[in-house]
Amino acid sequence: MFSYGSFKLFFLKISLGVVFLVFSGFLITSLLTNNPNDPGIGKLRDSLEIYNYFGYWGAISSNILLVFLGSLSIIIVLFVFYTGLVFLVGFKTKFIFVKFFLVIIS
């Protein structure tokens, strides 16, 4: 069940899991607090009020994801969260990156 392997793999999987979880948590929160009045692609302005929880960078990242991927961005971010959780806990998985591309294609 828990398969980390050697100490190097243990450290790598824990590190990747934490990075994926933090990154996906940032993106999920940014996507959920997205506001159409926030700055983004084609509307860079020095607005004093940015409604995104993470401020300017959260508004930019959520806008980029929504412009290029649309509602698929939520599914991709949730898959990155799942991958981070799997790496962090140490479950045995096969072909995790193939599954990622299959999620995008589907």
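Close-up 1. With a relative accessibility of 1%, Ser-73 counts as buried, where buried means under 20% relative accessible area, exposed over 50% and partly exposed in between, using a 1.4 Å probe and protein chains only. This is a predicted model, in which local features need pLDDT of at least 70, side-chain atom pairs count only at pLDDT 80 or more, and totals for chains, interfaces and linings use all residues. Residues are numbered from 1 along each chain as its sequence is written, and side-chain values use heavy atoms, with hydrogens and water left out. Ser-73 belongs to helix H3; helices (H or I, at least four residues) and strands (E, at least two) are DSSP runs, numbered from the N terminus. Leaving aside residues up to four places away in sequence, Ser-73 touches Leu-31, Leu-65 and Leu-66, contact meaning heavy atoms within 4.5 Å. Between the C-alpha atoms of Ser-73 and Gly-5 there are 32 Å, and the two are 68 residues apart in sequence.

Close-up 2. How far apart should the ends of H3 be? At 1.5 Å a residue, the 18 residues of H3 should span 26 Å, and this agrees with the 26 Å between its end C-alpha atoms; the expected span is 1.5 Å times one less than the number of residues in the helix. Buried in H3 are Ser-73, Ile-76, Val-77, Phe-79, Val-80, Thr-83, Gly-84, Val-86 and Phe-87. Against which helices do they pack? The buried residues of H3 pack against H1, H2 and H4. Just after H3 comes Gly-90, with a positive phi of about 95°.

**Close-up 3. The largest nonpolar core.** Five residues make up this core: Ile-76, Phe-79, Phe-87, Ile-96 and Phe-100. Helix H3 (72–89) and H4 are the elements that give two or more residues to it. H3 supplies the largest share, three residues. A nonpolar core here is a set of buried Ala, Val, Leu, Ile, Met, Phe, Trp, Tyr and Cys residues joined through side-chain atoms within 4.5 Å.

**Close-up 4. Helix H1 and what covers it.** The 26 residues of H1 should span 38 Å at 1.5 Å a residue, and its end C-alpha atoms, 37 Å apart, agree with this. The buried residues of H1 are Gly-17, Leu-21, Ser-24, Leu-27, Ser-30 and Leu-31. Their cover includes helix H2 (55–69) and H3.

Close-up 5. Is Phe-11 buried or exposed? Phe-11 is exposed, at a relative accessible area of 56%, while Phe-10 is partly exposed at 35% relative accessibility. Phe-11 lies 9.7 Å from Leu-88, C-alpha to C-alpha, although 77 residues separate them in sequence. For Phe-10 and Gly-90, 80 residues apart along the chain, the C-alpha separation is 8.3 Å. Leu-16 also lies in helix H1 and counts as partly exposed, at 32% relative accessibility.

**Close-up 6. A nonpolar patch on the surface.** Phe-95, Phe-97, Val-98, Phe-101, Leu-102, Ile-104 and Ile-105 form this patch, with about 780 Å² of accessible area together. One of them, Val-98, sits in helix H4 (residues 96–105) and is partly exposed at 45% relative accessibility. Patches are made of residues with over 30% relative accessible area and no salt bridge, with like charges joined within 9 Å and nonpolar side chains (Val, Leu, Ile, Met, Phe, Trp, Tyr) within 5 Å. A salt bridge is a side-chain nitrogen of Lys or Arg within 4 Å of a carboxyl oxygen of Asp or Glu. Accessible areas come from the Shrake-Rupley method with a 1.4 Å probe, and for residues only the protein chains shown count as cover.
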